[in-house]
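Work through the exercises below with the model open. Each task is followed by a stepwise solution.

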Amino acid sequence: MLKVQALTKYYGKNKGINNLSFSLEKQEILGVVGANGSGKTTTFRLLLGLLMPDSGYMEYEGKDVSLLGNDVFGYLPEDRSVYRDLKVEEQLRFLAKLKNMDPTKIEIAIDHWLERLEISEHRHRLIKELSKGNQQKIQLICALIHDPKIIIFDEPLSGLDISNVNMIKKLINELKSEQKMILISSHQYEYIEEFCEKMILLDKGEVKYYGKVNDLKFKSEIRYISINSVSQCSYLNQEGVLGQQRSANITRLLMVNETKAKKLVRKLLKEDNLVSLKIELPTIGDIINHGDLT
Amino acid sequence: MKHLIAFSVKRRFNNKAIIILNILMIILVGVFLFVDKVVLKINPRLFDPMILYVNDDLYQKQELFDIDEEKIIIRLDDQNENSDQFQLRFEDDQWVVSSVYPLTTDQTSTIYQVIQNYSQNALMETIDHQQLTIVNKALFPTMINDVSSTSEIDATKQNLMFMIITSIYFMMLSYSSVIANEVVYEKTSKILELILTSVSAKTHFISKMLIGWLTIMIQTLLTGGIIALWILIRNSYDGGFGLLAFGNRLGIIPMKLLSFSELLSYLKIDGQIISASMIALVFLVLGILFLQMIMVIVSSFVTSIEESSNVQAPCYLILLVIYYFTLFVNNPYQMSEGIGYVLSFVPFFSMLFMPCRLLIQNVSAYEIVIALFMAIAAIIFILDFGLYFYKQGILDNKKMKRKLIKQK
């Protein structure tokens, strides 16, 4: 288990992260969510040993994280971190060597990962010649080649096309089933909902929420009403409606709470042209955007 | 650390630009050491002696010209009209040289020397030795420099100082930025953050220093090897005779030398000079290491490639000032007891001033040890203190407190 307790880090008078605590088991994915400057990068840097905390501690399997070898963590940075003028295999070999991998194992691992991410044909090509998606795959391999126990993905899906997004989503799920502990940060909240059992919401270095994703959704008072109707009318003037989105025949109403939602549903049931109607839990994005963190 | 060093050194030397540069160097050094053959192939008559045609009167007294027959030949005027023909005659108390084209500076100088020799020798025939001595004493009074200083300064070696200082300056310029640019590249390409998840910032910092030092060593050995190889080839070809004769003809080497070994004797390169050079090299390497550390620390704060030149430019300016200052104070007094003497102990400055002192005067062992100790102590201090700034720079943690960097 990875356990982080009361982790605090200040840059001079500026708060990097304050009193962060969480735990992570094998086969768990923890989402780290927050706006720019909220403390996500500081959290990752503290875990990776790039920074030292002012207070608090981090332990993995009962050992202080700072005493672990450099092969425990795998890190996929948000920015492209590659030597663009190197060949794919040279970049992978270099970073694997830095993790003190055995040369024979390095070659086996390179073969394995290039095949797994379907880029074996690019092995001898220069990285700068690869597409953005393939460069991201190379970065992924750099993070995974040494078979880390804890993997940190910083915006793993940003800027990727749909086929690559699907491939990486599949990979993340496979890694989860391989007993890995995974931390993911993303601005795309739908991916956090999709992958993560637990999440941390950070805001200006403070922890606004830590717990299960579904708990947050259930705890939130916000609700959605999905209306499948031929009618194109606006519901914004109805009581308790916070917002309205329309896509084809589906209108989604963001409601201030469940009581108001039920009240409106009862009213809407009397309308003609109605095909279907249902009350849904809000997305994480809605909860965060409306500041509904109970 | 060894992987970082091996990777970086391989990257540095196993690339097209460096390979082409070294091939170019092999060709250029080869051309230089066989320049006599190359030049004479292009212009076979370059060193043919000048033929000076004189009338019968002068021809009868040709021994008075006292000429070097490799440079000039006196012949009786045969009225042949060649484009490169020069006719010399004495009429109306004047020497007249007739030529098809105007004389070049070299031709003028050579012919003037011939005329001067003739005039002086003719004069000496008309006056006795005693009178000649009196005239010589009046025209060329003797001056003796009675030096009271005990320092043994070889004035001939001092002329080498300009070349040495300039060489050191350019070595500093070219090598000091080598590693700084690498740090800028790694930081701006964001690869540095990934590397630092595997090695500590301290390891990275030290490895950069070692990479810089190794780069200097390898490139110096490579260059030295290329030069040594060509010298061996030339030595086995003719012992360097042709090249030395060529240099002598051009006036670069003031006396006729028959082989490279004679050249070494002429330059007074003995064991003492070689050991002084070795010690000077140690100071040079320490100085470059010092400068590299400063440049790496400064460059760690750079956030874009464009910014790097702005940050490095002031360092180059400081180097230029130090270079001119060194040239300015490079005289026996300053090097023996003036500012040059003091600066030969000051870290970084010792890189320039101690080699100068070592090559022009005897420097005692304790002075060398003190200067070395100070240079090494300064490097250790910068290594420790600079690490704080380096970590701030590479992770962009401008407000990070010093206590936070005492990592595992």
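A crossing is left-handed if the near helix is turned anticlockwise from the far one by less than a right angle, and right-handed if clockwise. This is a predicted model: local features need pLDDT of at least 70, side-chain atom pairs count only at pLDDT 80 or more, and totals for chains, interfaces and linings use all residues. Residues are numbered from 1 along each chain, and side-chain values use heavy atoms, without hydrogens and water.

**Exercise 1.** Describe how H12(B) and H17(B) cross.

Step 1. Take the axes of H12(B), residues 271-299, and H17(B), residues 365-394: they come within 10 Å and cross at roughly 15°.

Step 2. Classify the angle. H12(B) is therefore roughly parallel to H17(B) (angles under 35 degrees count as such).

Step 3. Assign the hand. The crossing of H12(B) and H17(B) is left-handed.

Step 4. Find the contact (heavy atoms within 4.5 Å). Residues including Phe283(B) and Phe290(B) of H12(B) meet residues including Ile376(B) and Phe389(B) of H17(B).

**Exercise 2.** Characterise the interface of chain A and chain B.

Step 1. Count residues. In contact are 33 residues of chain A and 25 of chain B.

Step 2. Find the buried area (accessible area, 1.4 Å probe, that two parts lose on being put together, summed over both). The value is about 2,800 Å², and carbon and sulfur atoms give 59% of it.

Step 3. Leu50(A), Tyr83(A) and Leu98(A) supply 23% of the area that chain A buries against chain B, more than any other three residues.

Key. Chains lettered and ligands numbered in written order. Axes fitted to C-alpha atoms, helices over the stretch in contact; angles between N-to-C directions. Helix = DSSP H or I, 4+ residues; strand = E, 2+ residues; numbered from the N terminus. Parallel < 35°, antiparallel > 145°, perpendicular 65-115°, else oblique.
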